[in-house]
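Hello,

Below it you will find my notes on what turned up.

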Amino acid sequence: MSILFFIWVLLTVECFVGLGSASASWCQDHHYFPQPSRQFQQKTDRFWEFKEQTNSWVEVELPYDLVSCVNDNCTVVASIGPANKKEEPVETQSEEVPRLRESLKNKVDGYDKEDALPLRKRVSLTKMNDASIWITGQSGSIYERFWNGLQWVIAPHDLPISGAHAISVFLFNQTILALSEAGILYQMQLSESSQPVWVEFAPTLSQTTDKEGEQSSTILIKSGVVSYNGERVYFCTKNGTLLELREIEPPRWVNHGQPPGANVAAIADAASIRTDVIYTISSAGDLYEYDRRSKPSWKKHIWREETAQDASLMPLTGSTLHGLNGDHSISLFLLTKGGKLVERRLHQRKWKWVVFGSPKDQHLTSITPVLHDDAYEKKFSLFFTTSTGSVFEYQIPKQSGIAQENQSPEAWVNHMHPVHAKVARGIAGVQIQLGRILFPLDDARLAELHLSGLGGEIPGPSHQVMFRKKASVKYVWSILDAPETEGWNAEYCTEQWGPTNCITGIKDERNDLGIARTVTRRRKGSQPQQHYLIPGPSSTGRAKSLEEHNLPDNWINSNFHLRAMHGGRSFFLITDGGFTFEYLYTENVWIWLRHEHSTAIKGAVGNYNGSLYVVDTYGNLFIRERSDSELAWINCTSSRKGRQVVGGPPWDAMLGRSMKATVEDALFFVSRNGRLLQFTVALRKFKWKDCRNPPNTKIASIVDQELFREKIVFVIGRNGRLYQYNKVTELWHEHYQSQHLVLSRLPGTAMRPSLLSLTGSLFMLSVDGGLVEYHWNPMDGWNWVEHGTPHTVVTLVGSPGPSLEGNQLFLIGSNGHVYLRYMDQMTWRWKNCGFPFLGNTIAEDERQEEGNNKKEKLCTNEDLAASSRKDSEKANHPSSDCNPEVAPIRPIMFAQDSVIFELKDGRLAEMRQIEGTNWLWSRIIGTPTSLCTASYWTALAS
């Protein structure tokens, strides 16, 4: 593990402090011990931290914690505060290493807040017009929220190159540009078929450049801002220079270089204060003014000594207001790295700094400029996001001229954040219209802050000729869904005529006449707020009593006994004795292939790209794969940050869906201590990541990994409640669930009828042995459905599944029967498929259980039944080793028309689909470890 240690250097070189395991061992080797009688005397407020990533020194903000890490045991040993304050007692504490690392990760520019949100560097909002907002998501995708005249729809505009993550979008002279995280600029053009396509638009510098230097063939761009009049775009390059795009056809680029002794980290203002004058901020936090017509071109704005306590500016785009302090005054609002609001004011040809500060205990991170109705508004308003996910509004009276010391705390209005969601830190919102502002949320969704009765999820842009805000009207929040690329539920628009058309929405007349119900019916309000909860405190009552019990010893074996490898040709069986067998079809013969391992194998927990992932008796994760012409075992737990696991995803693929390999492919597992682990497998660049667990419970099992919803892993907590982990935002959400509904810890299964729609269900079992469905559709959002049991004397055991065709689900009953839950004419029904051989007594019970449905066909095969009578006679013998009842072990989908079950006597049984919901037991497969039969071929894998 790489060791990161920090070195702080005082201007009055009095003390040297080194942190990390290296410095700790240095102190011990030289027998250096701190003397209690000596006290550290601080004589300066300026300290620097050495960043190994950039190989440079960066000035830190005070107060700053000094942390010592020895053998992964991290402790806060001291804290450096401002020199003009009394020395505070040194606090020392020993925390759990992961928790402390998370706390250090959330340190924001020296402002230490445990609840500070991470910075979503790929997220941005761009307003094209009132009916079109373009968003770059945390996943790197681009999508548009467009008003088609009838409703808001979502249209995808992803970059064409796999792995290219977009970070911002620009509208310049009716041309749309997109910037990738790698610094590549793209232009949207129309193809020969009139379809929009992205084409790389690389900067090319000609002889007209103002500065010499950056003549490299590849110029990488960091960020950009469109000028106030929309006629030019200014960019910051990754090497800190200012770049200007003046024309598209033909492209005309101008390199303006950088300030002497500094760089360009952000563009604070793009020609809105004065034409052709650009204001930039350096990485050191200084404000510069660039005017190519003056000499020198670059000028630095200096702070006066009495106002320079927090003079280092945050590199971001500011907000410019005209006429705030007089008809000819200009104000540029910026933020300091300490999260304070400052103003650079130009009045009567004189510049002046004004410090407004921040709300109490708040750290401001971005500025959202808003337009005002000058005829009615008596105040200017600026909106700010904070490091903890809230939105504040600062109200400034027009022509107030109020001095810094006279600012009133009442000027700050706290709009907080939506229920169960936080606003993204450091990302500016956009104003849709007067009284409607759109913000990105930290969980990758969007939220609109609007005046009550004016905006929200359903209303489109309105023509506001005259608008006057009444004092009694308050701002409220509405949550807007994001597409599946971000792990959410918004469906893309379609080219078909109808309400969700990408260009023009057409009203669905059939829905109004009641002839047919379509998925385009509008949801009421912002229902996602009600379903997705931030995990709260620990559970109580029955759920808490469940959590206190550990997972049973045979947990892995009963849930991961079987694993399909190649559909219809190969699957794996893990025996109770820890042996690994592969059932393989080769040269027109089915044989058992034994895969030997030095330790006993407990279960097969994954299958990716032809490699099998298994867990041994100690919880170590191994890969069984073919290397050249031989088979090999790879120990994943022994790799860096490797963990021991007790479970994995229940299913590897969904029927009908072609799995496309990406550079972000990963498998998820459950650790022994109930945490979710991500194991990256793409391109064989194996890497472990601890995704933690919900704060109020440990994880019992994985319900689904990215089959029902991309980027989402659904899990069941040991408290019997449903949670989800978003791999894009790395956030946990708890799903709303009645306190009376407690889920079993068994894995579940997903059902999604069509890949073109997000409609579908998650199926799980309740702790009482009943079937539970968690259904989602665009009309009603999420809903819980309890299906109960197939019979009053039968409960369901074992994991539910597999599912197929979006309307069929297999389950195992406590009586050893297989049950099929299927949908017939929009109604769910039960079918008892029994087990491979049904005697007369079982058939009688079958007819009684079916009750009113006497025409129901049984899942029996007469030929198989006749050939199994001899086994049935053995089963009735007291000393028989045969029992054809189905064991409560999770079955597997072997092919699109084949399901494999395990019997209680250790044999396997295959059920095949004849037509629709008609399934028949087709054959019994003898296994190497079953004592009921020895009819099998076996070989040793090498």
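Let me start with the aromatic rings: Phe 571, Phe 579, Phe 581, Tyr 583, Tyr 585, Trp 590, Trp 592 and Phe 894 are linked into a cluster by ring pairs. Rings of Phe, Tyr and Trp (its six-membered ring) count as a pair if their centres lie within 6.5 Å; planes under 30 degrees apart are called stacked, over 60 edge-to-face, and the rest tilted.

Before going further, please keep in mind that this is a predicted model, in which local features need pLDDT of at least 70 and side-chain atom pairs count only at pLDDT 80 or more, while totals for chains, interfaces and linings use all residues. Residues are numbered from 1 along each chain as its sequence is written, and side-chain values use heavy atoms, with hydrogens and water left out.

Back to the rings. A search of the whole structure gives 40 aromatic pairs. One of them is Phe 571 with Trp 592, which is edge-to-face because the planes stand at 90 degrees, with the centres 6.2 Å apart. This pair links distant parts of the chain, with Phe 571 in strand β38 (residues 570-574) and Trp 592 in strand β40 (residues 589-595), 21 residues apart. Strands here are DSSP runs of E with at least two residues, helices are runs of H or I with at least four, and both are numbered from the N terminus. Phe 571 and Trp 592 are both buried, where buried means under 20% relative accessible area, exposed over 50%, and partly exposed in between (1.4 Å probe, protein chains only).

Phe 708 and Trp 782 make a tilted pair, at 5.8 Å centre to centre and 45 degrees between the planes. Phe 708 lies in the loop between β49 (699-705) and β50 (712-717) and Trp 782 in strand β56 (residues 781-788), so the pair ties together parts 74 residues apart in sequence. Phe 708 is buried at a relative accessible area of 0%, and Trp 782 is buried too, at 2%. The charged end of Arg 709 sits over the ring of Phe 708, 4.6 Å from its centre; for this, NZ of Lys or CZ of Arg must be within 6 Å of the ring centre and within 35 degrees of the ring normal.

Arg 890 also lies over a ring face, that of Trp 651, at 4.8 Å from the ring centre. Arg 890 turns up again beside Ser 558: leaving aside neighbours within four places in sequence, Ser 558 is in contact (heavy atoms within 4.5 Å) with Pro 888, Ile 889 and Arg 890. Ser 558 belongs to helix α6 (residues 555-559) and is buried, with 18% relative accessibility.

Now for strand β54 (residues 760-765), where 6 of the 6 residues are buried. Gly 760, Leu 762 and Met 764 cover one side, and Ser 761, Phe 763 and Leu 765 the other. Strands pair if DSSP finds at least two bridges between them. Strand β53 (residues 749-751) runs antiparallel to β54, joined by 3 bridges, and Thr 749 has Phe 763 as its bridge partner. With strand β55 (residues 771-777), β54 pairs in the antiparallel sense over 6 bridges, and Leu 765 stands opposite Leu 771.

Best wishes
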